[in-house]
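Good morning, and thank you for coming.

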Amino acid sequence: MRRVIAVEKIVEQIINARKIAIAGHIRPDGDCIGSCTALYQYLKRNQNRFGFEKVDMYLEPFSNEFRILNATDEASHNCQVDEIYDLFISLDCASVDRLGNAIKYFNSARKTLNIDHHISNTNFADVNHVVADASSTSEVVFTLLEEEEITKEIASSLYVGIIHDTGVFKHSNTTEKTMNIAGKLISKGIDSSRLINDTFYAKTYIQNQVLGRCLMESDLILDGKIIVSSINRKTMELYQAATTDLEGIVDQLRVTKGVEVAIFMYETNENEFKISMRSNGKVNVSKIAIHFGGGGHVQAAGCTMNGLPTDILNNLTPHIEAQLNGNVKP
Ligand code: AMP
Ligand code: MN
Ligand code: MN
């Protein structure tokens, strides 16, 4: 039932639009790139049917490994062109500020559509389709498309989105539905192992060096319930590491035995850090991220905080401790 309503509402927006923009969140991840390129390719394929004039896709610069996906070279990395869109489609964005520079197109668009799966989503658009129990936005997009319109290339994009947000089907957001959808995507002839290896597991020498360094420098606190590591800009420069080289470090921290919450922080500006948190189930890290102006999911969330890593940790720890002690509901 929900699918039919969502599809009708969304199709209505598309057929009423002449110019369409698609955008994902800042520092795009696999789900963001996967869902955007999938919907972009689908719209292009069906341009005559829907009768719109053009569709543009905005994505901030992303890691090269995603270039394996079709249409990634058609993404605009900056928002300098002045354009007013009839329809702006936001994908994988929990809140409007996560759109980054593309917010200008959101603000001037005649109609806005928000397709997402974050529990913290603020329903910021005219039409909101937020499915919090979906593994990924790519999974949500799959449910919106006619299966016969899903080409091998669209399937590859959606598959990459799903494997990235589920950590290759290992996170608790992986449901029976997720696996069924993955199966259907595989039936489209995608190269599943190549997509998994090349976009998820493959690491450059620099990425491995930085990962190793961050693991070596990690600390256990709160009787080993929290593991934390941070990297400042100077160290990143030393390794010539970009922020996109830091993906996956927090996930490696999380698998440390006995740990309930993993925290990884990297410096974005002087004394400003991007915080990534992962939980093994007992702690709702989205709640903590929202408290500090960010958002995410129960077991994976993030925010930006100011100060030195030790100060930031001092601010975060009581929230985690309160949930672990049962003083605050997760
Ligand atoms: P990350 O730690 O950046 O990999 O993010 C984990 C999850 O939280 C992802 O689903 C992100 O989209 C979300 N997230 C990260 N940072 C923020 C933020 N500042 N605001 C809202 N959601 C966020
Ligand atoms: Mn994302
Ligand atoms: Mn996502």
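I begin with a metal site: along the chain, the donors of the manganese ion (ligand 3) follow the spacing D-x60-D-x24-H-x47-D. Donors here are N, O and S atoms within 2.8 Å of the metal (3.2 Å for Na, K and Ca), and water is not among the atoms, so sites may look incomplete.

Before the details, a word on conventions. This is a predicted model, in which local features need pLDDT of at least 70 and side-chain atom pairs count only at pLDDT 80 or more, while totals for chains, interfaces and linings use all residues. Residues are numbered from 1 along each chain as its sequence is written, chains are lettered from A and ligands numbered from 1 in the order in which they are written, and side-chain values use heavy atoms, with hydrogens and water left out.

Which residues coordinate the manganese ion (ligand 3)? They are Asp31 (OD), Asp92 (OD), His117 (NE2) and Asp165 (OD), at 2.1 to 2.3 Å. Asp92 also bridges this ion and the manganese ion (ligand 2), and the two ions lie 3.6 Å apart. Asp92 sits in the loop between strand 3 (87–91) and helix 4 (103–108), and His117 in the loop between strand 4 (111–116) and strand 5 (127–130), so the pair ties together parts that are 25 residues apart in sequence. Helices (H or I, at least four residues) and strands (E, at least two) are DSSP runs, numbered from the N terminus. Asp92 is buried, at 1% relative accessibility, and His117 is buried with a relative accessible area of 1%. Buried means under 20% relative accessible area, exposed over 50%, and partly exposed in between (1.4 Å probe, protein chains only).

I turn now to ligand 1. It is surrounded by 13 residues, and the closest are His118, Lys274, Ser276, Arg278 and His297; a residue counts here if one of its heavy atoms lies within 4 Å. Strand 9 (272–279), strand 10 (295–296) and strand 11 (300–306) each supply at least two residues of this shell, and strand 11 gives the most, with 4 residues. Among the polar contacts (pairs of N or O atoms within 3.5 Å), a polar side-chain atom of Ser276 lies 2.6 Å from an oxygen atom of ligand 1. A polar backbone atom of Gly295 is 3.3 Å from a nitrogen atom of ligand 1, and one of Gly302 is 3.4 Å from a nitrogen atom of the ligand. The protein covers 86% of the 470 Å² of accessible area that ligand 1 has on its own, by the Shrake-Rupley method with a 1.4 Å probe.

How many residues does the largest nonpolar core have? It has 53, and those with the most contacts inside it are Ile20, Ile22, Leu43, Ile89, Ile115 and Leu185. Such a core is a set of buried Ala, Val, Leu, Ile, Met, Phe, Trp, Tyr and Cys residues joined through side-chain atoms within 4.5 Å. Helix 2 (residues 30–45) contributes the largest share, 8 residues. Apart from this core lies another, of 19 residues, among them Val261, Met265, Met305 and Leu316.

Finally, two backbone details. Arg27, in the loop between strand 1 (19–23) and helix 2, has a positive phi of about 45° although it is not a glycine. Asn123, in the loop between strand 4 and strand 5, has a positive phi near 50° and is likewise a residue other than glycine.

Terms used
A polar contact is a pair of N or O atoms within 3.5 Å; within protein, one must be able to donate a hydrogen and the other to accept it, and residues adjacent in sequence count only if both atoms are side-chain atoms.
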